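I opened my notebook with a new structure on the screen.

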Amino acid sequence: MTEYTKITLDESEMPTQWYNIIPDLPAPPPPPLHPGTHQPIGPDDLAPLFPMALIGQEVSTDRHVDIPGEVLDIYRLWRPSPLYRAHRLEKLLDTPARIYYKYEGVSPAGSHKPNTAVPQAFYNAAEGVRKLTTETGAGQWGSALSLACAMFDMECEVWQVRASYDAKPHRKTMMAVWGATVHPSPSDVTNAGRTILAQDPDSPGSLGIAISEAVEAAAADPTVKYALGSVLNHVLMHQTIIGEEALLQFAKIGETPDVLVGCTGGGSNFGGLSFPFLREKLAGRMSPTIRCVEPAACPSLTKGVYRYDFGDTIGMTPLVKMHTLGHDFVPDPIHAGGLRYHGMAPLVSHLYEMGLVEAEAIGQLECFDGALKFAKTEGIIPAPEPTHAIAAAIREANRAKESGEERVILTALCGHGHFDLKAYEDFLGGHMVDYEYPAEKVAAAMERVPVIED
Ligand SMILES: *Cc1c(COP(=O)(O)O)cnc(C)c1O
């Protein structure tokens, strides 16, 4: 047993490669399909949206990919990020478990998202792209990409889900400070946005709708490309810097995790933390249980169906095989905006199908109850998304207490909640509600998922 509270790495110890889990899997994930022909897509199909370097990473079978020096220089502004042992939370819970959290809120944007925004902007800039477009739910990804574009002197145009645009004006200002243009989504500047507004002028928006708008804007101009903050293979790979650092930090104190829990919206912070540990597990060097935690109101893994579906609402993106609730399903407005996505990363879905990771869904009241316990003991106010991971860690710690087992729990505290205080205000004021799983809405959306013979 150790007495460490904050386990740090020196700059010189920061990993210099990302980890690609695909070559280590028993089988590769099914390929993305062209939305029209239903045939596997090739690089040419993706070229209007992404630079060649990222398309190459998306299909790469190299186990390790070198992080470019320009990216490492920017990572060093906040990396390596600290790993904490939650001594004071453990004491409050009166548990024999040891709880560790890897804190990504130390980045300038306040979450793990810059870990991929910076390399995405770098590779686009290197190929002469003038501007990036994107969507943002809670505002975290839009902030991260705005920051990254500023650092590589590129323009950035963001479609922010209407509900969060209205609820979080400071995120919008943050993006504007870094030089981005921000639209509420659905907007009247794209065909996709106008189509949705014609059906529902008061639409609160969704990530799927915002993706349709950003993709449309990028596809229309050869000097503009699109960036996605989660879901894709290359995004999850960029995030593995989190898990590679955590492995080194655990090695320093001679611990190995028994349970790893992470919140999953599109799967990037979860994949980033867990894939290097899964590599160790597949190689027989440790055996942690690895679990995804999703919101009860948008449970793509635990309630969704594993099949080909669109990544966006309108149906412009390639078809990807994933756990989905239906591409036009609009989840209830829970506070964890970053977890309101109808699908799950194809890579995480594939791991779940193979039984290499587990999943559970938790309602937001239990999550915020856990977040208050965490904030009062550990000090950091978590973003609404990782409150799901905290609630799952607390469940594990309570199980350890019941069984009297010493258990080592690891989670990613993937962002702070300084721009999410409205959610805490609602919770403290007793105004927060748990939403029932919207079975009928999901069933209706699933009827509109294309049928693919495979
Ligand atoms: C975007 C975001 C998420 C959800 O995205 P993942 O790809 O699942 O990580 C979770 N937490 C925070 C803080 C985010 O910004």
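My entries follow, topic by topic.

**Entry 1: what kind of model**
I noted before anything else that this is a predicted model.

**Entry 2: the domains**
I looked up how the chain is divided. Domain 1 covers 6-14 + 78-110 + 240-446, while domain 2 covers 51-66 + 113-233. Their C-alpha centres lie 22 Å apart. I then checked who takes part in the contact: 33 residues come from domain 1 and 30 residues from domain 2.

How much area do domain 1 and domain 2 bury between them? I found about 2500 Å², with 65% of it on carbon and sulfur atoms. On the domain 1 side, Ala109, Met316 and Phe419 lose the most area to domain 2, together 23% of what that side buries. I also looked for charged pairs across this boundary, and the count is 1 salt bridge.

**Entry 3: an open sheet**
Next I traced a sheet of 4 strands. It is open, its order is β8-β7-β6-β9, and the pairing is parallel. Strands β8 (181-185) and β9 (224-226) stand at the edges with a single partner each, so one side of each has no neighbour in the sheet. From one strand to the next, the twist averages 25 degrees.

I zoomed in on β6 (residues 131-136) and β7 (residues 155-161), and 6 bridges join them. Threonine 136 has glutamine 160 of β7 opposite. Helix α8 (residues 169-177) lies across β6, β7 and β8, and runs at about 170 degrees to β7.

**Entry 4: strand β5**
Is β5 (residues 98-103) largely enclosed or open? I found 6 of its 6 residues buried, so the strand is largely enclosed by the rest of the structure. Both faces are covered: Arg98, Tyr100 and Lys102 are buried on one side, and Ile99, Tyr101 and Tyr103 on the other.

I looked up two of its pairings. Strand β4 (residues 83-85) pairs with β5 in the antiparallel sense over 3 bridges, and leucine 83 stands opposite lysine 102. Strand β15 (residues 408-413) pairs with β5 in the parallel sense over 6 bridges, with tyrosine 101 opposite threonine 411.

**Entry 5: isoleucine 7**
I clicked on isoleucine 7, which sits in strand β1 (residues 6-7). At 4% relative accessibility, this residue counts as buried. Its contacts beyond four places in sequence include Leu83 and Tyr100. Isoleucine 7 and tyrosine 100 are 93 residues apart in sequence, and their C-alpha atoms are 9.8 Å apart in space.

**Entry 6: salt bridges**
I searched the whole structure and got 30 salt bridges. One of them joins arginine 79 and glutamate 245, with the closest N and O atoms 2.9 Å apart. Arginine 79 lies in the loop between α3 (69-75) and β4, and glutamate 245 in helix α12 (residues 240-253), so the pair ties together parts 166 residues apart in sequence. Arginine 79 is buried at 3% relative accessible area, and glutamate 245 is buried at 0%.

I also picked arginine 285 and glutamate 280, whose side chains meet at 2.6 Å, N to O. Here arginine 285 is exposed at 54%, whereas glutamate 280 is buried at 12%.

My last pair was lysine 373 and aspartate 369, at 2.8 Å between the closest N and O atoms. They are 4 residues apart in helix α16 (residues 364-378), which means about one helical turn separates them. Lysine 373 is partly exposed at 29%, and aspartate 369 is partly exposed at 38%.

Conventions:
Residues are numbered from 1 along each chain as its sequence is written. This is a predicted model: local features need pLDDT of at least 70, side-chain atom pairs count only at pLDDT 80 or more; totals for chains, interfaces and linings use all residues. Side-chain values use heavy atoms; hydrogens and water are left out. Two strands pair if DSSP finds at least two bridges between them. Helices (H or I, at least four residues) and strands (E, at least two) are DSSP runs, numbered from the N terminus. Axes are lines fitted to C-alpha atoms, for helices over the stretch in contact, and angles run from 0 to 180 degrees between N-to-C directions. Contact means heavy atoms within 4.5 Å. Buried means under 20% relative accessible area, exposed over 50%, partly exposed in between (1.4 Å probe, protein chains only). Domain bounds come from an automatic or database domain assignment. Buried area is the accessible area (1.4 Å probe) that two parts lose on being put together, summed over both. A salt bridge is a side-chain nitrogen of Lys or Arg within 4 Å of a carboxyl oxygen of Asp or Glu.
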